[in-house]
Amino acid sequence: TFQSHRHLQKEAQAQHNNSEFTEEQKKTIGKIATCLELQSAALQSTQSQEEFKPEDPKKLEAILKNILTYNKEFPFDVQPVPLRRILAPGEEENLEFEEDEEEGGAGAGSPDSFPLEFPRLPRLPLEPGMTLLTIRIEKIGLKDAGQCIDPYITVSIKDLNGIDLTPMQDTPVASRKEDTYIHFNVDIELQKHVEKLIKGAALFFELKHYKPKKRFTSTKCFAFMEMDEIKPGSIVIELYKKPTDFKRNKLQLLTKKLLYFHLHQTLHKE
């Protein structure tokens, strides 16, 4: 199931960060993580996936449990991923004491690509009388946009209690950065028909970036869009200070400057 898979993914991450392992063992753990990434995408996708069969997690779990003595050839043809720490909501507040402004040094030796936690998903099939939404994430305005390392955005739909209503999705790392803008130009397909979204639901966009000093990925700021804002065309929404407030009751604007999150919405009907 998806839950046991997430547990295995976290275990691989924890083991990879353990310095007692040899490089070879770390490589094997990295390969397990790659398999889990691919499997995660398969579990959340409606298309049939050839690469992984349901019994595969058992093989991976067995290798992970016996990592110290495992010396056979890895059963899947994959490359190990460079694992990074991605923190759970609330976890990072305990680790971050200094403000982001103190951190300089953009591009400080981070790998070009790293596994995003939540893959982008394909558009759902159209249903009679129902509407689907594609959101193009165009750009985000920040005063220190050029300083952000490997910025990407996690998109989710939450109810008023902060509970997920659809699978979360990550954009790829930004395509371009300039002084005050980070450009994405990426489409995200909403994984629910608009008519089926409950009252009070909202779409959240969390900007995440890598902090080399602390070696983890942190949320920088967030924005959200409520259901009455779903309409075709361009929309500009305000940015708020972290931590992400999914319940929307303690919102603090990120800045008084005129910097916003730029989106474009396309509605699809049969």
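**View 1. Strands β5 and β6 pair in the antiparallel sense, joined over two bridges.** Welcome to the sheet: β6 covers residues 181-189, and Lys177 stands opposite Ile182 of that strand. Strands here are DSSP runs of E with at least two residues, helices are runs of H or I with at least four, and both are numbered from the N terminus; two strands pair if DSSP finds at least two bridges between them. This is a predicted model, in which local features need pLDDT of at least 70 and side-chain atom pairs count only at pLDDT 80 or more, while totals for chains, interfaces and linings use all residues. Residues are numbered from 1 along each chain as its sequence is written, and side-chain values use heavy atoms, with hydrogens and water left out.

**View 2. An open sheet holds five strands in the order β5-β6-β2-β11-β9.** The pairing is antiparallel. At the edges stand β5 (176-177) and β9 (233-237), each with a single partner strand, so one side of each has no neighbour in the sheet.

**View 3. The largest nonpolar core has 30 residues.** Such a core is a set of buried Ala, Val, Leu, Ile, Met, Phe, Trp, Tyr and Cys residues joined through side-chain atoms within 4.5 Å. Buried means under 20% relative accessible area, exposed means over 50%, and partly exposed lies in between (1.4 Å probe, protein chains only). Look for Ile182 again: together with Ile137, Phe184, Leu203, Phe205, Phe261 and Leu263, Ile182 is among the residues with the most contacts inside this core. Strands β2, β3, β6, β7, β8, β9 and β11 each supply at least two of its residues. A second, separate core has eleven residues, including Cys35, Ile63, Leu64 and Phe74.

View 4. The buried residues are Asp56, Leu60, Ile63 and Leu64. Between Glu61 and Ile32, the C-alpha to C-alpha distance is 8.8 Å, although they are 29 residues apart in sequence.
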